[in-house]
Amino acid sequence: MSHPIAFDNSYAALPPAFFARVAPTPVMRPRLIRLNRPLAEALGLDAEALDSPAGAAFLSGASVPEGADPIALAYAGHQFGQFVPQLGDGRAVLLGEVVDGEGRRFDIQLKGSGPTPFSRRGDGRAALGPVLREYLVSEAMAALGIPTTRALAAVETGESVLRETELPGAVLTRVAASHIRIGTFQFFAARGDEDGLRRLVDYAIARHDPAAAEAPEPALAFFEGVMRRQVRLVAQWMSVGFVHGVMNTDNMSISGETIDYGPCAFLDAYDPAAVFSSIDRNGRYAFANQPGIAHWNLVRLAESLLPLIASDREAAVERANAALSVFPALMGDAYVDGLRRKIGLGAPWEDGDAALAQDLLDRMEANGADQTLTFRRLCEAETGGNDAVRILFRDPAAFDDWAVRWRERLARDGMDPAERRAAMRRTNPAVIPRNHRVEAAIEAAVGHADFGPFEALNARLSRPYDDQPGEGEPPPIAIEPYRTFCGT
Ligand code: AMP
Ligand code: MG
């Protein structure tokens, strides 16, 4: 196969400090589990050529396609608050970039493709379970309309990887607007490499914030662009009950896409304190902490950019702080905007709207009400009555009480009920990647080589705003709390 992908390699043209040139390590028996054909086509790739044994060879790293210039990217990052000056792609390589029909540039990355100079003690590989999990959840996020990296393909390697036990190995092909993270800026800032930092900012501006190049203070304008995208992203996570689980600065993309699906999970019952990751012992990345962590991470980005904001350090700090000072208002508005939509409110805002929405969340928390079902059933409640929603609450009267005030508020809102119902159904999904379903799909594939449930779940998740059989009831009560593990 010659040119299934027309690669461009702009990142590989940056100075050597930005990456290490490294080819993927070939695997024994690559077998394509799934090619994401709609995505391949949207990117202008030759889906026919990819959906073949030769395609599997290159989607697993067994052969390097013509035009690719594989590199592992250097970056640093704060992991659970601790700064690590060198992380980098330890088990991934960027094959190159593609430019779609609309001129948008995307990275094509193999994840699990073998060791790199950044692997430290890791084996550079990925197990099948986490690969399927990233495929399912990242594609679900895309279907929900939330910015995210995408999954172009999953390939079994025919080799096993050693974790606590031996597990089947796999490679995920990830597509991203870029793989530049807050940690990439920290990498250069921590080394005092101002030239590298400047090159990175220029590159990032050209790729993600071209308007910032014309601004009076480009580095500051770039920072503000990153902040706006991050705020929008986290507000969307909060709206659907997504817990990222590992919001380290190396896992925060400056493009504003969700990246790194290791320990993420969705809420079943609404719980602001929800933590799923087995290693997040202090709940740093708990559901309700996510806006605050986004802020903390942005402060780290601003610190890294200081030398480019002004040559006088004090002046730079002052400007960075001024830019950061709008974060709480931006984040608060984006969050409340999401909640207002969820409960069906249109323009104009009233002062009590945030409190009204928050009161529903408080009652859901106190009553173990399911996040997704409560809001989905609420779409029908204005005309259909309280019954379907109230039974989701341990004390159904807690909902009735709230609904009285909700109806009073709706009466002052301009939208007509049919229009409101349609708008609510577009913002309150019927189908999310429920933890028990994701686990069942992984278990069938890993334990029994049965990919049927993975395929079926993937199909369901591609239409999250449609009612689908079997999705209308709360999940079975779990005996143990749900636990996730970093995707190693
Ligand atoms: P993550 O927790 O996925 O964000 O990964 C943090 C760092 O560990 C990154 O530098 C990864 O490349 C590296 N890493 C994770 N798993 C492996 C592995 N199996 N082999 C080598 N490096 C890894
Ligand atoms: Mg990561």
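## Ligand 1 and its contacts

Start with Gly88: one of its backbone N or O atoms sits 2.6 Å from an oxygen atom of ligand 1, a polar contact in the sense of a pair of N or O atoms within 3.5 Å. Two side chains join in. An N or O atom in the side chain of Asp123 is 3.0 Å from a nitrogen atom of ligand 1, and one in the side chain of Asp260 is 2.8 Å from an oxygen atom of the ligand. The protein covers 88% of the 480 Å² of accessible area that ligand 1 has on its own (Shrake-Rupley method, 1.4 Å probe).

Keep in mind that this is a predicted model, where local features need pLDDT of at least 70 and side-chain atom pairs count only at pLDDT 80 or more, while totals for chains, interfaces and linings use all residues. Residues are numbered from 1 along each chain as its sequence is written, chains are lettered from A and ligands numbered from 1 in the order in which they are written, and side-chain values use heavy atoms, with hydrogens and water left out.

## The shell around it

How many residues surround ligand 1? There are 18, and the closest are Gly88, Gly90, Asp123, Gly124 and Asp260; to be in the shell, a residue needs a heavy atom within 4 Å of the ligand. By class, the shell has two nonpolar, eight polar and eight charged residues, with Gly counted among the polar ones and Asp, Glu, Lys and Arg as charged.

## Two domains

The protein chain splits into domain 1 (11-179) and domain 2 (199-334), with bounds from an automatic or database domain assignment. Their C-alpha centres lie 23 Å apart. The contact between them takes 33 residues from domain 1 and 32 residues from domain 2, counting heavy atoms within 4.5 Å. Each domain also gives at least three residues to the shell around ligand 1.

A pocket here is an open set of points on a 1 Å grid over the protein atoms alone, with protein on both sides within 12 Å along at least five of seven lines; lining residues have an atom within 4 Å of a point. Of the 28 lining residues, Asp268, Ala269, Pro475, Pro476 and Ala478 are the closest to the pocket centre. The lining divides into 17 nonpolar, three polar and eight charged residues.

There are also four cavities of 30 Å³ or more, a cavity being a set of points where a 1.4 Å probe fits but cannot get out. The largest cavity has about 50 Å³ of space, and its lining includes Met238, Tyr270, Phe287 and Lys342.

Key
A polar contact is a pair of N or O atoms within 3.5 Å; within protein, one must be able to donate a hydrogen and the other to accept it, and residues adjacent in sequence count only if both atoms are side-chain atoms. Grid points are joined across faces, edges and corners, and a volume is the space filled by probe spheres set on the points.
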